[in-house]
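Please open the model in your viewer and keep the selection panel at hand. The tour below moves from the whole chain to the boundary between its parts.

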Amino acid sequence: MKTVLHKAATRGHADHGWLNSHHTFSFAGYQNPERMHFGVLRVLNDDQVAAGKGFGTHPHDNMEIISIPLEGDLEHKDSMGNTTTIKEGDVQIMSAGTGIFHSEYNKNDDRDVKFLQIWVFPNQRNVEPRYDQISIRDIAKENAFYQVLSPNPEDDGVWAHQDAWFHLGKFEPNASDTYTLKKEGNGVYVFVLEGEVEINGQRLEKRDGFGLWETNSFDLTALTDSRVLLMEVPMALEAIG
């Protein structure tokens, strides 16, 4: 097994007033040649948007863009005609493909919105743009990981143009679970949303990131009440379409 540890305090940080963002990987003004990506996982931004503020209309192409709200409501509008609101308990995906424009705004005038913005390189270029969002409340489990993204439209969660599997888990102290990787050559990037956990002797705290690869499985044990996101992705950039 190979690993890489990214402590929360080592992330890039940008405070624009209306947007307070921490970047696990190089993004915008934060450029670190040793933190460009983890396999095909290109962006992991931990964003906090002020009340009534947001991202104006802007373009994307050839990227799978996943949003996971943590607190508050975020209004999404795009050039495909979608106008939706995503909130904690939802997962959203856009396949930007040949090109898409969208905006994201905090609909609330009395509180911030917190969400994860995740970009994954696709395994197919120039696909028809696509949008989807689901509530994951019905598939959530206690003290076990549950799937929120996969390559298969028939599986639980949203689906992506990539051999990637995302799982969330909410754990009580001393609870544990084993994660078995779905595909040879993939790795897993673990991101601790809340609490403290341990993986193979490595203690991880809130907003720490921990990448593992060249392994078939690993055990995670919660040391406190914890919430964790697992992102299994191909490690070879040849997996990019």
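Two residues are said to be in contact here when heavy atoms of theirs lie within 4.5 Å of each other. The model is a predicted one.

Begin by selecting residues 12–135 as domain 1 and residues 144–234 as domain 2, and give each its own colour; the C-alpha centres of these two domains lie 20 Å apart. Next, select the residues at the boundary, where 27 residues of domain 1 are in contact with 24 residues of domain 2. Between them, domain 1 and domain 2 bury about 2,100 Å², and 72% of that area is on carbon and sulfur atoms.

Which residue forms a salt bridge with aspartate 46? Select arginine 207, which is its partner, with the closest N and O atoms 2.6 Å apart. Across the interface of the two domains, one salt bridge is found, together with six residue pairs in polar contact, both residues being at pLDDT 80 or more.

Now turn to the side of domain 1 that touches domain 2, and select strand 4 (41–49), strand 6 (64–71), strand 9 (90–95), strand 11 (113–120) and strand 12 (130–135), the elements that each give two or more residues to that side. Strand 6 provides the largest share, four residues. Colouring this side of domain 1 by residue class gives 17 nonpolar, five polar and five charged residues.

Terms used
Residues are numbered from 1 along each chain as its sequence is written. This is a predicted model: local features need pLDDT of at least 70, side-chain atom pairs count only at pLDDT 80 or more; totals for chains, interfaces and linings use all residues. Side-chain values use heavy atoms; hydrogens and water are left out. Domain bounds come from an automatic or database domain assignment. Buried area is the accessible area (1.4 Å probe) that two parts lose on being put together, summed over both. A salt bridge is a side-chain nitrogen of Lys or Arg within 4 Å of a carboxyl oxygen of Asp or Glu. A polar contact is a pair of N or O atoms within 3.5 Å; within protein, one must be able to donate a hydrogen and the other to accept it, and residues adjacent in sequence count only if both atoms are side-chain atoms. Ala, Val, Leu, Ile, Met, Phe, Trp, Tyr, Cys and Pro count as nonpolar, Asp, Glu, Lys and Arg as charged, and the others, Gly among them, as polar.
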